[in-house]
Amino acid sequence: MDFRTWLPAAMLCVIGIVPAWAQTPIPDAVAARGEAVVLAVHAEGAQVYDCKAGEGGKFIWQFREPIATLIQDGKTVGRHYVGPSWEHADGSRMVGKPIGRADGATAKDIPWLKLEVVEARGTGALAGVTTIQRINTAGGQLAGACDKAGTTMAVPYAADYVFLKK
């Protein structure tokens with residue numbers, strides 16, 4: 001068979017298997033130009049909010065923490081929790097600090113973030129990571145009033161986390 005016949009079809013197959021996060025246009029506010037991808041995972045979980053008294057005693061929802069499972073190739077590879085922290089199954093973990101933000105696709109979606117790693121431990125998959133992107137968010141944003149202090153609400157969300165190094 002002549003390679004000119006099968007090469008275009010083979011190229012289309014390869015293009016079709018590029019991960020969704022690699023095809024996503026990244027807003028400038030969360031872009032990490034010149035950094036290399038170390039790991040990319042999908043997260044499924046919840047954003048947790050508490051009802052607390054705000055200014056003037058009016059009750060408002062305040063973000064408390066994320067709780068999510070990190071998934072790669074259909075397998076659980078870690079977790080995401082308060083900090084914000086990410087922990088890989090191999091024991092490597094990190095804490096990030098937001099340094100960039102862009103709106104999610106809808107009002108129900110938490111924002112996309114760029115985070116700088118401020119603390120890192122371990123020598124596993126997350127070793128050497130300096131930047132984290134939260135992209136392709138779906139859900140997680142809590143709307144509406146709360147009427148009782150101490151009430152907690154967990155709102156389901158999904159996102160892709162991309163771990164990069166300089």
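Q: Two strands count as paired if DSSP finds at least two bridges between them. How many bridges join strand 3 to strand 4?
A: This is a predicted model. Strand 3 covers residues 75-81 and runs antiparallel to strand 4. Pairing needs at least two bridges. The number joining strand 3 to strand 4 is four.

Q: Does Thr131 count as buried or exposed?
A: Thr131 is found in strand 7, residues 131-139. Buried means under 20% relative accessible area. Thr131 has 3% relative accessibility, so it counts as buried.

Q: With the side chain of which residue does the side chain of Thr131 make a polar contact?
A: A polar contact needs N or O atoms within 3.5 Å. The side chain of Thr131 makes one at 2.7 Å. Its partner is the side chain of Glu35.

Q: Which elements give two or more residues to the lining of the largest cavity?
A: A search of the whole structure finds one cavity of 30 Å³ or more. About 40 Å³ of space lies in the largest cavity. Its lining includes Leu39, Val41, Glu87 and His88. The elements giving two or more residues are strand 1 (36-53) and strand 4 (85-88).

Q: How many residues of the lining of the largest cavity are nonpolar?
A: Leu70, Val77, Leu126 and Phe163 are among the lining residues. The lining also has one polar and one charged residue. The nonpolar residues number six.

Q: Which strand gives the largest share of the lining of the largest pocket?
A: The largest pocket has a volume of about 320 Å³. Strands 1, 2 (59-72), 5 (93-102) and 6 (112-121) each give two or more residues to its lining. The largest share is three residues, and it comes from strand 2.

Q: How many charged residues are in the lining of the largest pocket?
A: The largest pocket is lined by 19 residues, with Gln47, Phe63, Pro111, Leu113 and Arg134 nearest its centre. Twelve lining residues are nonpolar and four are polar. The charged residues number three.

Note on methods:
Residues are numbered from 1 along each chain as its sequence is written. This is a predicted model: local features need pLDDT of at least 70, side-chain atom pairs count only at pLDDT 80 or more; totals for chains, interfaces and linings use all residues. Side-chain values use heavy atoms; hydrogens and water are left out. On a 1 Å grid over the protein atoms alone, a cavity is a set of points where a 1.4 Å probe fits but cannot get out, and a pocket is an open set with protein on both sides within 12 Å along at least five of seven lines; lining residues have an atom within 4 Å of a point. Grid points are joined across faces, edges and corners, and a volume is the space filled by probe spheres set on the points. Ala, Val, Leu, Ile, Met, Phe, Trp, Tyr, Cys and Pro count as nonpolar, Asp, Glu, Lys and Arg as charged, and the others, Gly among them, as polar. Buried means under 20% relative accessible area, exposed over 50%, partly exposed in between (1.4 Å probe, protein chains only). A polar contact is a pair of N or O atoms within 3.5 Å; within protein, one must be able to donate a hydrogen and the other to accept it, and residues adjacent in sequence count only if both atoms are side-chain atoms.
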